[in-house]
Amino acid sequence: MSILRADLHTHSTVSDGTDTPSELVAQAARARLDVIGLADHDTFAGLAEAYAAAQHWGVELLAGMEFSTQRNGSSIHLVAYGCDPDNAALAVELDKVRASRSNRLATMVQLLTEAGLPITVADVRAQAGGSPSLGRPHIADALVARGYVANRDEAFATWLGDDCPCYVPRYEPDLIDAIGLVRAAGGVAVMAHPWARGRRSVLTEAFLTELVHDHGLDGIEVFHPEHDEHVRAELGTLAAKLELLPFGASDYHGTGKTNNPLGCETTDVAVYTEVLARIQARGGYPHGRMLG
Ligand code: AMP
Ligand code: FE
Ligand code: FE
Ligand code: ZN
């Protein structure tokens, strides 16, 4: 039997990646992946195209979505697999998140313009190319296109990051409520990059224990480009202790992130098989709703 390679957390142009869903799946085939998980931020809109491409390339698609949530004001990303995209309660919440993404854009554009980097909402929309999930990376791309910064990293470090002068927060549901919504929609709930970007102080062992025991968290990403060796070892031990499924994934964004090549991290086949079993048991849709 060939070794199964599964990269379960990637992004397309439907959110802030730079490959279309079809290009992403073609890249997955070239990277000799057997399974590709598409987890665009706060939307399922890329899954149908990705599924068609997956059929073409002989790659298996795991239907995902990366849910923007918060705990006491700190942004926390939750990867959801196999949700019914037509689940009403989840759809309402995702609509609110995406509306808030669009609504803050004008304010951030104004702050950047006042800071001496004149750009327009149209600049950003041109970079976003019709994405239903407008994000700071698209604003970064507009700043690059105007020649103000060299790349997304510089845009975030100087202007757009959480502690930077032109950052405007947006609506995100509470993490515990989000896990409940995902589970009720038939999905599997996994903490994305839990100890990256200073989140270790929010996602403490005590809190993760509560999320598992009282709220049905299924897994955590252990192997992620933003976790160093020490963090991986600690999270691996913690996952075993709490009986959390341990995931590995690239968080690929195409050329939007340089340290995350497709397939640089993968998830164990036994974990992937368990994800499929849980989705089936909960009445979800591992490969997308339209496919049954
Ligand atoms: P937003 O969801 O619009 O608040 O923007 C946050 C998104 O920006 C995250 O999901 C990341 O994908 C992306 N991001 C954060 N930091 C950086 C960075 N330094 N370079 C490129 N993308 C980033
Ligand atoms: Fe992203
Ligand atoms: Fe994330
Ligand atoms: Zn991601």
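Predicted model: local features only at pLDDT ≥ 70, side-chain atom pairs only at ≥ 80, totals over all residues.
Donors here are N, O and S atoms within 2.8 Å of the metal (3.2 Å for Na, K and Ca), and water is not among the atoms, so sites may look incomplete. Residues are numbered from 1 along each chain as its sequence is written, chains are lettered from A and ligands numbered from 1 in the order in which they are written, and side-chain values use heavy atoms, with hydrogens and water left out.

Helices (H or I, at least four residues) and strands (E, at least two) are DSSP runs, numbered from the N terminus. D16 counts as buried at 8% relative accessibility, and H253 counts as buried at 2%. Buried means under 20% relative accessible area, exposed over 50%, and partly exposed in between (1.4 Å probe, protein chains only).

I turn to the other iron ion. Which residues coordinate the iron ion (ligand 3)? They are E66 (OE), H77 (ND1) and H193 (NE2), at 2.0 to 2.3 Å. Their spacing in sequence is E-x10-H-x115-H, and the two iron ions, ligand 3 and ligand 2, are 5.5 Å apart. H77 belongs to strand β4 (residues 74-81) and H193 to the loop between β5 (188-191) and α8 (205-215), so they tie together parts that are 116 residues apart in sequence. Both H77 and H193 are buried.

Next, ligand 1. It is surrounded by 15 residues, the closest being H41, R104, R136, D153 and R170; a residue qualifies if one of its heavy atoms lies within 4 Å. The corresponding distance is 3.2 Å for R101 and 3.4 Å for K257. Taken alone, ligand 1 exposes 500 Å², of which the protein buries 87%; these areas come from the Shrake-Rupley method with a 1.4 Å probe.

S250 also deserves a word. S250 is placed in the loop between β7 (245-248) and α10 (269-282), and at 0% relative accessibility it counts as buried. The side chain of S250 reaches the backbone nitrogen of Y252 at 3.1 Å. Not counting residues up to four places away in sequence, S250 touches, among others, D7, H9, P225 and N260, where contact means heavy atoms within 4.5 Å.

Finally, the nonpolar cores, each a set of buried Ala, Val, Leu, Ile, Met, Phe, Trp, Tyr and Cys residues joined through side-chain atoms within 4.5 Å. In the largest, of 50 residues, F67, L78, M191, L208, L211 and L217 touch the most other members. Helix α7 (residues 175-184) gives the most to this core, with six residues. A second, separate core of 19 residues includes L105, A128, V149 and A155.

Conventions:
Polar contact = N/O pair within 3.5 Å; in protein donor to acceptor, adjacent residues only side chain to side chain.
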